[in-house]
Amino acid sequence: MSKTESRRIGVLGAGPIGLEAALYARHLGFAVTVYERGQIADSMRRWGHVRLFSPFGMNSTSLGRSALRNANLPGENDCITGIEHVNAYLAPLAQSELLKGCIQTETQVVQIGRAGYLKTDSPGESKRGDGPFRLLVRKGQAERIDEAAIVLDCTGTYSQHRWMGEGGIPAIGEVTHEPNLVYQLDDILGAKKAHYASKSILLIGSGYSAATSACLLASLAEQHPDMWVVWLARGPRKQPLPRIPNDPLKERDRLAVRANSLATRGDGNLEFHPLSTIQLVEWKNNAFRVVARVNGKDRAWDVDRLIANIGYVPDTSLYRELQIQECNVSQGPLGVSAALAKQNGGDCTTLACTGPASLRTTEPSFFIVGAKSYGRNPHFLLRTGFEQVRDVFSLIAGKPELDLYKGAK
């Protein structure tokens, strides 16, 4: 058995970055197990009806395309939907020769520890890396312990929503009524059309997800004129989305134009209120009553549906027993957060890769890769995650110049 084969890598999450990390590891000869608590690309499937801002060429790699060289892949510049990306690229990649048999779906890693060490033991000392990681794994009702020499956390953030109340805490009643609330991107014009048609809807959020829902609801209202949508945003802008000059992501710019038009003109049976904070949520007789403070004054709405597209946060409970330093602002790992802060903000298309050194954590051989590495910072691209995978394996292999993408076609 080679040195790499004896060092098993555990990859958490079988989304775009997790699959890429496993593929990269297999090319280098490592033994890999990918743990996915749902299906392949489970999060992307949940918002699969939405068109990606970035083209296929930015959302795939030379390694992945090489593994699927006989497949009918989308064009380099095609902006496809999430489910189209799953079906054309990610699902076939999971079944490719190098990855087939490495992936365990419907298998959740509950928590990770270190053999022989508690969180408080030997702080910052390299000897913590001598023992393997212990992964508490659950499949169905059965639990077991797996071990890994190296762990890459690629679980993303989509599974854990923020709260809608003022100050980022739950609004009164929100926790109680959470099962009745929608925090993710519903398929408003598809599978959930009947759920929203001819209904009154309160939409909360000020980012691209909320803008996407607003545009979909407005399109549905064209077919159902009795619909009405109230859109509340925390920020002060009368146009919810700032447009980026000469935006290279044209789909993103189209969304901003459409959403801003809806907000300012009242198109699509929609009214927009900035400077809004949610105070109370009630659920009674299959309807919501929502109290918000809008520009300093309390207002209340009675609506049939409530969508809170307010963003997502990383689930750090997975590694609470490891020594991981987090940024006190973004909640991402400190190295990546500090490197991003040095770039003084910026858009996802202009932020440079933070480099291998930023990906080291204070827990030896544990890496956080993908959207989770950005914490609450929303400016993440899949292309960035692929660069992180390359940089992590240059650290793992001890070869600073290692770059498998240069050799693949």
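Predicted model: local features only at pLDDT ≥ 70, side-chain atom pairs only at ≥ 80, totals over all residues.
Visitor: How is the packing of two helices described in general?

Guide: A pair of packed helices is characterised by the distance between the axes and by the angle that the axes make.

Visitor: At what angle do the axes of α1 and α10 cross, and within what distance do they come?

Guide: Helix α1 spans residues 16-27 and helix α10 spans residues 382-397; their axes come within 10 Å and cross at roughly 30°. Because angles under 35 degrees count as roughly parallel, α1 is roughly parallel to α10. The crossing of α1 and α10 is right-handed.

Visitor: Which residues make the contact between α1 and α10?

Guide: From α1 come Pro16, Ile17, Glu20, Ala21, Tyr24 and Ala25, and from α10 come Leu382, Gly385, Phe386, Val389, Arg390 and Phe393. By class, the residues of this contact of α1 with α10 are nine nonpolar, one polar and two charged.

Visitor: Is the crossing of α6 and α7 left-handed or right-handed?

Guide: The α6 and α7 crossing is left-handed. The axes of α6 and α7 come within 9 Å and cross at roughly 65°. On the α6 side the contact is made by Tyr208, Ala211, Thr212, Ala214, Cys215, Ala218 and Glu222, and on the α7 side by Arg252, Leu255, Arg258, Ala259 and Leu262. The residues of the contact of α6 with α7 comprise eight nonpolar, one polar and three charged.

Visitor: How many residues has α7, and how does its reach stand against the expected span?

Guide: Helix α7 has 16 residues, and the distance from its first C-alpha to its last is 22 Å, close to the 22 Å expected at 1.5 Å a residue. Just after α7, Gly266 adopts a positive phi of about 75°.

Visitor: Which residues of α7 are buried, and against what do they pack?

Guide: The buried residues of α7 are Arg252, Asp253, Leu255, Ala256, Ala259, Asn260, Ser261, Leu262 and Ala263. They pack against α6 (208-223), β9 (228-232) and β10 (270-273).

Visitor: Why does Asn260 count as buried?

Guide: A residue is taken as buried when its relative accessible area is under 20%. Asn260 therefore qualifies, with a relative accessible area of 3%. Asn260 belongs to helix α7, residues 250-265. Apart from neighbours within four places in sequence, Asn260 is in contact with Gln239, Pro240, Leu241 and Arg243. Between Asn260 and Pro240, which are 20 residues apart along the chain, the C-alpha separation is 6.1 Å.

Visitor: Where does Ala210 lie, and is it buried or exposed?

Guide: Ala210 lies in helix α6. Ala210 is buried, its relative accessible area being 0%. When neighbours within four places in sequence are set aside, Ala210 is in contact with Leu203, Ile204, Gly205, Trp231 and Asn309. The C-alpha atoms of Ala210 and Leu185 are separated by 8.3 Å, and these residues are 25 apart along the chain.

Visitor: Where is Asp347 found, and which residues does it touch?

Guide: Asp347 is found in the loop between α8 (334-342) and α9 (356-359). Its relative accessibility is 12%, so Asp347 counts as buried. Not counting residues up to four places away in sequence, Asp347 touches Ile244, Arg252 and His379. Arg252 is also among the buried residues of α7, and Arg252 takes part in the contact between α6 and α7.

Note on methods: Residues numbered from 1 in each chain as written. Heavy atoms only, no water. Helix = DSSP H or I, 4+ residues; strand = E, 2+ residues; numbered from the N terminus. Buried < 20%, exposed > 50% of the residue type's maximum accessible area, 1.4 Å probe, protein only. Contact = heavy atoms within 4.5 Å. Expected span 1.5 Å × (residues − 1). Axes fitted to C-alpha atoms, helices over the stretch in contact; angles between N-to-C directions. Parallel < 35°, antiparallel > 145°, perpendicular 65-115°, else oblique. Left-handed = near helix turned anticlockwise from the far one by under 90°. Nonpolar A, V, L, I, M, F, W, Y, C, P; charged D, E, K, R; others polar.
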